[in-house]
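Subject: Structure for your review

Hello,

Here is the structure you were expecting. My notes on it follow below.

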Amino acid sequence: MRTQSWTAMFAICMILMAAVASSSKEDDKILSLPGQPQVGFQQYSGYITIDETQQRALFYYFVEAETDPASKPLVLWLNGGPGCSSVGAGAFSEHGPFQPSSEDSLVRNEYSWNKEANILYLESPAGVGFSYSANTSFYDNVNDTITAQDNVVFLQQWFAKFPEYMNRDFFITGESYAGHYVPQLANLIFQSGLKFNLKGIAIGNPLMEFDTDLNSQGDYYWSHGLISDYTFELLISVCNISELNREYNSGTISSSCKLVAEQLTAEIPDGIDGYDVTSDVCPLYLQTSKLFKSYKDEASESIDLCVEEKTFKYLNKKEVQEALHAKLIGVPQWFFCSEVMNYDYNNLEIPTIDIVGSLVSSGLRVLIYSGDQDSVIPFIGSRALVNGLAKKLNLNTTTSYRGWLQDDKQVGGWTEVYGDILTYATIRGASHMAPWSSPKRSLALFKAFVAGTPLI
């Protein structure tokens, strides 16, 4: 049955690929973004229609490499959620070429990933960011299968619009729930027999196995001094984090899990951002959300902790949307995470670690990395999952666990390599959104990954 469904989907993809998008590459070229400093590389953004009948279209933002783009690989970036924006988070808050310094102006990002590659940011699935479905019934039950299928169609249509990238070395990257999106998309590309020149995948702080990833939160809380010994014992013996999440999502919380939830709430103040436990939070957080942060300095890296608030305001300006060729369809404004899409949250509990394993077995290079200050999907679980996968695949350790250094000889994090094809790495001092909180170290890791060179 599965083979038949992939075959049918592949046939549909071939039909869609034959129909070149009505808008050309030149139609999608960005002349200049409001408040943008002058640059020498090209930018494009616009829509790829996925389903003409439902008028479903995915929005993308593409930046060519700063120098010599013809020699650089192509990298697709997917944010997680499920339902959060790759344009708002990945491009304008993490590792894109610009970041808002206010709602009216942009500044260059010194550690943009387009120093090393041509970067394609995709807002997926429909209902996320500027992507949309005119038939709103699509939003009622979006799932991993639909997301992967739509992303394959998007790539086929995008390559038809940008044929010069069709044979370029291609990497798929992302973070968080992209621990589902990225391996599922890569696997579907392989199963469909598509001739994309896919060389590897990289996923940061990824959800790959629900119980392992969530239950490692308790160990992380306790080892970082966020909870007491008493509460840690409750997490071990009374109600663990995965149980608490299941009960919360079901709408019925048992007395034992309620006790644990009350203890966690009492011991972890609002001033702690679970996505970055050592970070300060913006004073605006107390009135709004943990998305909005202030400023801090970490080692040699100075970062704007209010960048997401500024991005939200910037991307909701009419002149910015016009410059991006973006439209608001069925939503009053652009949101970081979807306000209209109902994702099938049962998908969160479907493990993807074995899909990662099948990709490794197929010869695809895989990097799993963790910002080590993230308590939401802590490095503890990710490291255990990668180590377990290596044992299952009988991969020998080719680089034993050790620190890796940046160009300035400062420690960037720790790494271990299995069979010269599966790499695990941490980024020191980084959050769940590692390229935002540790941009210099994240760029060093990314540079090594796309070049296929070891972390040293």
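**Disulfides**

The S-S bond joining C84 and C337 has a torsion of about 100 degrees, so this disulfide is right-handed. C84 sits in the loop between strand 3 (74-78) and helix 2 (86-95), and C337 in the loop between helix 10 (318-323) and helix 11 (353-361), so the bond ties together parts 253 residues apart in sequence. Helices (H or I, at least four residues) and strands (E, at least two) are DSSP runs, numbered from the N terminus.

Before the rest, the basis: this is a predicted model, in which local features need pLDDT of at least 70 and side-chain atom pairs count only at pLDDT 80 or more, while totals for chains, interfaces and linings use all residues. Residues are numbered from 1 along each chain as its sequence is written, and side-chain values use heavy atoms, with hydrogens and water left out.

With a disulfide taken as a pair of cysteine sulfur atoms within 2.5 Å, the count comes to two. The sulfur atoms of C84 and C337 are 2.0 Å apart. Accessibility is given as relative accessible area (1.4 Å probe, protein chains only): buried means under 20%, exposed over 50%, and partly exposed in between. C84 counts as buried at 18%, whereas C337, at 32%, counts as partly exposed.

The other pair is C239 and C257, with sulfur atoms 1.9 Å apart. C239 is in the loop between helix 6 (229-237) and helix 7 (241-250), and C257 is in helix 8 (residues 255-267), 18 residues away. The torsion about the S-S bond of C239 and C257 is about 90 degrees, so that disulfide is right-handed. C239 is buried at 1% relative accessibility, and C257 is buried at 2%. Counting bonded cysteines along the chain, the pattern is 1-4, 2-3. A further cysteine, C306, is buried at 10%.

Strand 12 (residues 365-371) is mostly covered, with six of its seven residues buried. Pairing here requires that DSSP find at least two bridges between two strands. Strand 9 (residues 198-204) runs parallel to strand 12 and is joined to it by five bridges; strand 15 (residues 422-427) also pairs with strand 12 in the parallel sense, over six bridges. L367 in strand 12 stands opposite A202 and opposite T423 in strand 15.

**Helix 3**

Helix 3 (residues 144-161) has 18 residues and reaches 26 Å from its first C-alpha to its last, close to the 26 Å expected (1.5 Å times one less than its number of residues). Of the 18 residues, 14 are buried, so helix 3 is largely enclosed by the rest of the structure. N143 caps its N-terminal end, with a side-chain oxygen 3.1 Å from the backbone nitrogen of T145.

Regards

Notes. A polar contact is a pair of N or O atoms within 3.5 Å; within protein, one must be able to donate a hydrogen and the other to accept it, and residues adjacent in sequence count only if both atoms are side-chain atoms.
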